[in-house]
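Q: Can we go through this model together? Start wherever you like.

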Amino acid sequence: MTATLADVAARAQVSPATVSRVLNGNYPVAAATRERVLRAVDELDYVLNGPASSLAAATSDLVGILVNDIADPFFGIMAGAAQAAIGEERGAREKLSVICNTGGSPERELTYLTLLQRQRAAAVIVTGGALEDPEHAAAVGAKLARLADAGTRIVLCGRPPLSGDSVTATLAFDNRGGSRRLTDHVIGLGHRRIGYVAGPPERTTTRHRLEGHRSALAAAGLRRDGLVVHGSYDRRSGYDATLELLRREPELTAVVAANDTVALGACAALRDRGISVPGDVSVAGFVDLPFSADAVPALTTVRLPLSEAGARAGRLALGLEPAPPGGIATVHGELMVRGSTGAVRSGGVRGAPFCAVPRAP
């Protein structure tokens, strides 16, 4: 049953007039009261006004694209490609796409989904890994189900499928398989003392890539789970984590990073310690962000087709191509072997090129 303004007032323990004032923003309301009303609106999925409620099954010309961090090229590339694909349409299919930057906040993710529901969005694209929290996953699943029931197309891009979902189109990256191939490559070069810089432990992307790495170690008879350090998906995390790996294993010969930005941080830490890449320590990343090929030496990595996946998500959001069989398509990465990895050398040879992003003239 669709929630009414009276339902919101009862939940927030205020008058219907106070609810109206909060939602219209045309009258001062105490901060604590305003917070109670907005929480009730969110919990009840209240649609802002009567006309909108009566049109709950209709959709607007709006497409929402949720990202964790638009400044991160991983999200920026996917969102840009999706927006470009959506922008190609004209006439009746023409839509306005908006980027919703959550900043990695679970609360903002839920808030944006609620706001998009109120706007009767034609489609919602959710990018990147999910938070490993059953309560949050259930809340996201419920909101997406309500959106779908109202006629909104739902597309997950670079995100695992929802449990028990039957209406969402999912483009899921093969993070496990790509990570295993990457570590297999490093092991094949003779490396046995391999450190791994993982992302935040609460993210699905982190777990899947770490599982792929560990499966490669296990297949080679290497079980060195102590050589894993978690951190954020940024350069500083890669820098600090690599120093910690060197502290734990002074004879380290390779660092595998959860993404390319982290890998560059690892390269910087090695450089500052006078350790050459790949002469002393090999470094590998993941994703193949635009700067990866221009690092010196260029990063060995796994290329995820971010632009292609984002464009396909845009087409799915507009209904321009059918959903994949079963609603899920696995998007595989490609191993890109470059200069940052090399065969393990004995004797700690120094003097190979350092890994660094070229400075602008």
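Q: What kinds of residues line the largest pocket?
A: The lining divides into seven nonpolar, eight polar and six charged residues. Nonpolar means Ala, Val, Leu, Ile, Met, Phe, Trp, Tyr, Cys or Pro; charged means Asp, Glu, Lys or Arg; the others, Gly among them, are polar. This is a predicted model: local features need pLDDT of at least 70, side-chain atom pairs need 80 or more, and totals for chains, interfaces and linings use all residues. Numbering starts from 1 along each chain, and side-chain values use heavy atoms, without hydrogens and water.

Q: How much space lies in that pocket?
A: About 400 Å³. A pocket is an open set of points on a 1 Å grid over the protein atoms alone, where a 1.4 Å probe fits, with protein on both sides within 12 Å along at least five of seven lines; lining residues have an atom within 4 Å of a point. The volume is the space filled by probe spheres set on the points, which are joined across faces, edges and corners.

Q: Which residues are closest to its centre?
A: Asn68, Asp72, Phe75, Pro200 and Tyr233, out of 21 lining residues.

Q: New topic: what is the strand order in the open sheet?
A: E2-E1-E3-E4-E5-E11, six strands with parallel pairing. Strands are DSSP runs of E, at least two residues, numbered from the N terminus. Two strands pair if DSSP finds at least two bridges between them.

Q: Why is one side of E2 and E11 left without a neighbour?
A: E2 (96–101) and E11 (328–331) stand at the edges, each with a single partner strand, so one side of each has no neighbour in the sheet.

Q: How many bridges join E5 to E11?
A: Four. Phe173 stands opposite Val331 in E11.
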